[in-house]
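Here is a friendly walk through one protein model, strand by strand and helix by helix. Keep the picture open while you read, and try to find each part as it comes up.

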Amino acid sequence: MKKILVIFNLCLFFYAACACAKNYPVFSVHKLESGRHGNTVLVIGGIQGDEPGGFNAASLLVTHYNIRKGNVWVVPNLNFISIIKRSRGVYGDMNRKFAALQNSDPEFSIIKKIKELIIDDQVDLVLNLHDGSGFYRHAYIDRMHNPGRWGQSIIIDQEEIHTEHHGNIGEIARGIASDINRHLYSMEHAFHVKNTRTCKGDLEMAKTLTYFAICNEKPAFGLETSKSFPTAKRSYYHLRMLEAFMDIAGIEYDRHFQLSARGVKRAINDNIKFALYDSRIFLDVGNARERLGYMPFKKDSEVEFVPSNPLVAMVSSGNSYRVFHGNRRLTRIYPEYFEYDLSIDTITMQIDGSEKIINFGQIVDVNDSFLVVPQKDYRVNVIGYKKKGVANESGINICKNDIQKRFSVDKRGRIFRVEVYREKKFTGMVLVSFDSKPATITASKPWKLSQAEHSHVSDIR
Ligand SMILES: [Zn+2]
């Protein structure tokens with residue numbers, strides 16, 4: 001549990017003061033630094049909000065890899081509002097804003113910040129992840145396989161740039177393509193290198209992120225997988241490319257899942273959780289019900305939201321909050337406002353007969369039954385449990401069938417809320433899970449958030 005909390009603490013999001021999109025989070029920077037000298041690769045996902053293969057792959061780098069040599073900086077959610085709204089770009093195509101941009105543009109400050117990151121002295125390689133249409137081929141084959149398509153390609157702006165290392169970008173890209181082409185599900189998925197020859201007069205490509213990087217002497221590549229695939233397969237191919245680039249850059253890493261389309265799908269879905277108010281509330285929303293009612297939010301206070309991975313976001317909407325994972329709408333939370341009582345952080349429970357101290361914000365696995373050990377002045381409410389004449393549900397041994405299924409957090413009716421109150425104040429929540437699978441979070445070492453992006457984070461580290 002401690003590990004989970006550490007990770008949460010480092011993944012705080014701030015609902016930045018961007019006049020255009022109050023309520024919506026801005027992008028986050030995750031600096032995965034090994035402490036061992038080596039190259040720094042900057043990976044950017046989500047520049048266009050409707051390309052989930054790229055931004056899910058970037059997010060998995062943050063949550064499911066451990067970097068052992070060199071550094072990987074990841075921005076998994078560059079155009080976060082467009083990701084949430086499933087739009088290519090709410091304010092137009094962000095990947096055409098890297099040449100000239102008026103400072104009245106609603107994304108001006110986002111572009112300024114990401115440019116600063118790209119030209120940071122420490123960055124050696126820049127990778128921008130996309131999902132493109134069809135399958136790029138050097139010659140016309142048919143409607144979906146031709147030079148006008150973008151899927152399954154590595155995009156370069158020119159053959160070479162003049163830098164000390166990795167300036168031979170054409171050669172690098174071809175090497176990566178032939179490496180990945182040994183790991184295809186089908187020959188149709190083969191990767192090719194597409195050189196846009198941007199400086200020869202491609203005015204559209206001259207406005208892109210990678211060309212900005214090239215002009216600033218940073219080797220940069222656009223990585224494209226095909227929109228013809230489901231998300232997990234796109235992310236699989238992205239991760240193949242990312243690992244091949246990390247190999248070339250001498251980055252050493254561990255990956256905490258099997259690299260296959262199925263393994264990627266499982267990894268994307270196994271870590272969709274968030275905490276509120278210093279983990280007094282903690283919810284697993286990977287399979288949440290459409291609505292979660294009467295959630296005890298803190299009265300007259302900002303919502304302190306801490307997601308378990310960089311694609312989980314909460315957006316206020318009228319009298320409720322909508323929760324997203326990338327493009328997916330997960331649930332809508334209806335708060336009920338309470339003053340908070342901070343007098344205790346734990347409760348004692350009997351889980352299947354054995355006594356344990358449980359922190360608020362924990363998910364407890366139960367086989368048969370649980371009981372909250374009574375404590376003077378504290379009242380327990382097991383949401384969905386009712387016994388006539390009983391207002392305090394501590395001291396009662398409760399089985400799964402004693403709780404009404406429709407009050408569960410998850411759609412399958414296995415995860416329930418146990419809430420503790422002191423007089424009229426909310427003290428904390430624990431989840432009990434009657435799921436036979438243990439609830440685990442796989443995660444890498446804590447990462448560093450960029451101080452520039454998240455200046456208020458320093459005080460919690
Ligand atoms: Zn794109």
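Strand β21 runs parallel to strand β26 (residues 425-433), and three bridges join them. Within this pair, V364 stands opposite V432 of β26. Two strands are said to pair if DSSP finds at least two bridges between them. Helices (H or I, at least four residues) and strands (E, at least two) are DSSP runs, numbered from the N terminus.

Before going further, please note that this is a predicted model: local features need pLDDT of at least 70 and side-chain atom pairs count only at pLDDT 80 or more, while totals for chains, interfaces and linings use all residues. Residues are numbered from 1 along each chain as its sequence is written.

Now widen the view to the sheet. β21 and β26 belong to an open sheet of four strands with mixed pairing, in the order β21-β26-β25-β23.

| Pair | Bridges | Direction |
|---|---|---|
| β19 (residues 346-351) and β20 (residues 354-359) | six bridges | antiparallel |
| β19 and β22 (residues 369-372) | three bridges | antiparallel |
| β21 and β26 (residues 425-433) | three bridges | parallel |

β19 and β20 form a hairpin with two residues between them, and D352 in the turn has a positive phi of about 50°. I351 stands opposite S354 in β20. Towards β22, M349 has V372 as its bridge partner.

Let us turn to the helices. How do α7 and α8 lie relative to each other? The axes of α7 (residues 231-248) and α8 (residues 261-269) come within 8 Å and cross at roughly 105°. The two helices are therefore roughly perpendicular to each other. Axes are lines fitted to C-alpha atoms, for helices over the stretch in contact, and angles run from 0 to 180 degrees between N-to-C directions. Angles of 65 to 115 degrees count as roughly perpendicular, under 35 as roughly parallel, over 145 as roughly antiparallel, and the rest as oblique.

The contact is made by A232, K233, S235, Y236 and L239 of α7 with A261, V264, K265 and I268 of α8. Residues are in contact if their C-beta atoms, placed from the backbone, lie within 7 Å.

Helix α2 (residues 52-64) also packs against α7, at an angle of about 55° and with the axes 8 Å apart. That makes α2 oblique to α7. In α2, the residues P52, G53, G54, N56, A57, L60 and L61 meet T231, R234, S235, H238, L239 and L242 of α7.

Finally, look at R329, which sits in strand β18 (residues 328-338). The C-alpha atoms of R329 and I84 are separated by 8.1 Å, although the two residues are 245 residues apart along the chain.

Note on methods:
Contact = placed C-beta atoms within 7 Å.
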